[in-house]
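Here's a quick tour of a fold, from its overall surface down to a few ring contacts. Have a look at the sequence and the model first.

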Amino acid sequence: MRLLVVGSGGREHALVWKLAQNPTVERLYAAPGNPGMAGVASLVPIAADDVAGLVSFAEEQRIDLTVIGPEAPLVAGLADQLAARGLRVFGPRAQAARIEGSKVFCRSLAARLGVPMARGESFEDPDLASDFVKTMSPPVVVKAEGLAAGKGVLICEDHPRATEVIDQMMRGGAFGGAGSRVVIEEFLQGRETSMLCITDGETILPLDPAQDYKRIWDGDTGLNTGGMGSYSPVPWLAPKTRQAALDRIIRPLVQGLNEEGSRFCGCFYAGLMISDGDPYLIEVNARFGDPETQALMPRMSSDLAEAMLAAVEGNLSDYKLGWNDTACVSVVVASEGYPGPYETGVPVEGIAEVSSGEVVVFHAGTEETGGRLVSSGGRVLSVSALGTTIPEARDRAYKAAGGIGMRGKYMRTDIAKGVS
């Protein structure tokens, strides 16, 4: 079997790492990949958003399955182009990927289906958006309508700050075209978690839940990031709440897309707020979460390639996912200054020394220059560690992350803190 994974981040490294464990994989490619993947995959210098280049490569190399990691190529129609050429692809078509690419579309669909979520509205006029903010009790959530690399959601503590953020997005172009429209929502109180599911559009197979940490500073303060760490399983999430999320949120949305002629085949990600035991929808992603994937893949006992192929071929009803009886904590090592301006080209050392059977270091923003591994992004590494308990995994992850040498490295210190 010949596989291609599209993307270059920590999520894609975790997927490559897991897919490489399938004994029938003859060739595994990553485009463009990163240095951490080079040990198990052939790196292909094609950008993740180069749809034409990726399709040509998949055809030329007779790829049996393409796995699309990031959201941008999904929204751009990479899955459509591959499928049109008779190639198998794990990832939704562009019409279905709108559920992530357009927060307005997602809210509209969820509202029509009666999915529980925060009160809110979408706006194209910044003045109307600012007026609506004044009708809400702070804090207020302001979301850029389109894709913004996980940074387009800001929690504003008061009305002046919300108005300022609206102005920055809609008049100042802070997120480019992604902020030309905004969604204004009430801030839900509770505990946040993520439920990822593999689906063929009919059968839905939930992965074990995971929790990520989106904001830059300890205590969930500061700006939103692409994610600063995660853990799995989520012991405080009751089975009945998981089932409620599946029945009231995930299944209606997947079926709603089907009814619109937008069958969803891939990984369906629901970001949830759990309030008084009830789940509410915060966001939907049309792909594996980052950094949740880095905490989930080390725990998965099932063969990921088989599960993906079952989804593509519509055979998920005969498939079950298995999980090791372990916990995993993943800590992101970031560049100083992220998510604002940061330095790149900083040497990264010590990965081999901290890696073990219980610790896997997934590369996110690295490259090789002059024979040295250096940083190339804001989130540089995800250090994932297994343990019999979450506290044990947490201790192991932080010890390993502490052994990574990188000038100015930054990590949150509270990933999975207090979870047992």
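The accessible surface of the protein chain is about 16,200 Å², and carbon and sulfur atoms own 47% of that. Areas are Shrake-Rupley values with a 1.4 Å probe, and for residues only the protein chains shown count as cover.

A heads-up: this is a predicted model, where local features need pLDDT of at least 70 and side-chain atom pairs 80 or more, while totals for chains, interfaces and linings use all residues. Residues are numbered from 1 along each chain as its sequence is written, and side-chain values use heavy atoms, leaving out hydrogens and water.

On overall shape, the C-alpha trace spans about 55 × 50 × 40 Å along its principal axes. Of the 420 residues, 58% count as buried (under 20% relative accessible area, 1.4 Å probe, protein chains only).

Now for the rings. Searching the whole structure turns up 8 aromatic pairs (Phe, Tyr or Trp six-membered ring centres within 6.5 Å; planes under 30 degrees apart are stacked, over 60 edge-to-face, the rest tilted). One of them joins tyrosine 213 and tyrosine 231 in a tilted arrangement, 6.3 Å centre to centre with 50° between the planes. The two partners sit 18 residues apart in the chain, and here is how buried each one is:

| Residue | Relative accessible area |
|---|---|
| Tyrosine 213 | 7%, buried |
| Tyrosine 231 | 0%, buried |

Elsewhere, arginine 98 puts its charged end over the ring of phenylalanine 105, 3.9 Å from the ring centre (the criterion: NZ of Lys or CZ of Arg within 6 Å of the centre and within 35 degrees of the ring normal).

Terms used
Helix = DSSP H or I, 4+ residues; strand = E, 2+ residues; numbered from the N terminus. Buried < 20%, exposed > 50% of the residue type's maximum accessible area, 1.4 Å probe, protein only.
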